[in-house]
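Let's take a walk through this structure together. Keep the sequence and the 3D view side by side as you read.

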Amino acid sequence: METLSENACFEGIQGVYRHNSEACQCDMTFGLFLPEEAKDGPVPVLWYLSGLTCTHENAMTKAGAQGWAAEQGIALVFPDTSPRGEGVADHDDYDLGQGAGFYVNATESPWAPHFRMWDYVADELPALLAAQFAIDTDRQAVTGHSMGGHGALTLAMNRPDQFRSVSAFAPISNPTGSDWGRKQLRAYLGDDEAAWARHDSTMMMHEKGFDGPMLIDTGTNDQFIDLLRPETLAQAIAERRQQAINRLQPGYDHSYFFVSSFMEDHVSFHAQHLWA
C-alpha cells in the first residue's frame, strides 16, 4: 500500500492511500481520517460513500466531517466511487462508468472485470483497514450522499450484522423506478430485474428493513428530487414501522452545502451507536 499524503487534522491524521484491489483488479485510492484516539488502539469507523462523478476527495475536503469525527473519536473512510485507470471500462455519460460504480458487482460486459464495488466496500477494504490501521471493524456504521446514500442503505440492509447504524443524505431511494437507476442497473446487472432488488433501498425496506437505527435527510429544493424518489422509501419505512428519522430539510438542495449543514447530526448519530 502506498501513502499518497498524510496531514495533521483536528489532532488526528487525514491520509490518502493507494493499493492494488483484488476485487476491482486495478489500483484504488481511498481517504482515511484517524482521530487522536487511534494512537491508543482501534477506534470505530464510519464509512462515507460519495455520489456520482465524485472521487475519494470530494467529501474528504467538502463535507466538514473530520472535526465532528474527532470530537467523537471515530475514524472516517472515504472510498472512491468506482474503479479507474487504463483498461477500465468507461462511458461518455457522467452517470455510467468511471465515477458511477453504483456500489454493485457488475455481471455484464464490459463492466464485469473491474466494477465490483460491492465486494470492495463491504469486504476487501474493511479487511485491509483492520490489518493496516487502528480500525475496529466490529464497530462499523455507514452513510453516503446521493448514489452513495443508495449504497449505504442497501449495504446496511443486506449486511445488518456488519453495520450498527446507517444514514443517508439525499439518497437515490428507488433506483428501479428512476432514470437514475434503471439505466445503470441494466447496464451493470443485465435485464433480469429480480437481480436489481437488493440494490433498491425501497424494495429492501419492504422485504427486510434494517435491524438498527436509521437517519435520512433530503432537501426540499433538491434539483434531483424526482430522480431520488424519497417518498417511496418514506412510505416503505412507515409501512414496515422501521425505526428511522426521515427528514425533509426546507430550502436545501443537492450540494455539499446541504451535506455539510447536517454532517454534525449524522456523525453524532452514528457515534452514539458505535460507542454503545
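The largest pocket has a volume of about 210 Å³. On a 1 Å grid over the protein atoms alone, a pocket is an open set of points where a 1.4 Å probe fits, with protein on both sides within 12 Å along at least five of seven lines; its volume is the space filled by probe spheres set on the points, which are joined across faces, edges and corners. This is a predicted model, where local features need pLDDT of at least 70 and side-chain atom pairs count only at 80 or more, while totals for chains, interfaces and linings use all residues. Residues are numbered from 1 along each chain, and side-chain values use heavy atoms, without hydrogens or water.

So who lines the pocket? There are 13 lining residues (an atom within 4 Å of a point), and Leu52, Thr53, His145, Phe224 and His254 lie nearest the centre. By class, the lining has six nonpolar, seven polar and no charged residues (nonpolar: Ala, Val, Leu, Ile, Met, Phe, Trp, Tyr, Cys and Pro; charged: Asp, Glu, Lys and Arg; polar: the others, Gly among them).

Now find Ser50, in the loop between strand E4 (43-49) and helix H1 (57-62). Helices (H or I, at least four residues) and strands (E, at least two) are DSSP runs numbered from the N terminus. Ser50 counts as buried because its relative accessibility is 1%, and buried means under 20% (1.4 Å probe, protein chains only). Beyond its neighbours within four places in sequence, Ser50 has contacts (heavy atoms within 4.5 Å) that include His145, Tyr103 and Tyr256.

Last stop: Met157, in helix H4 (residues 147-158). Met157 is buried too, at 1% relative accessible area. The C-alpha atoms of Met157 and Phe210 are 5.0 Å apart, though 53 residues separate them along the chain.

Technical notes
Buried means under 20% relative accessible area, exposed over 50%, partly exposed in between (1.4 Å probe, protein chains only).
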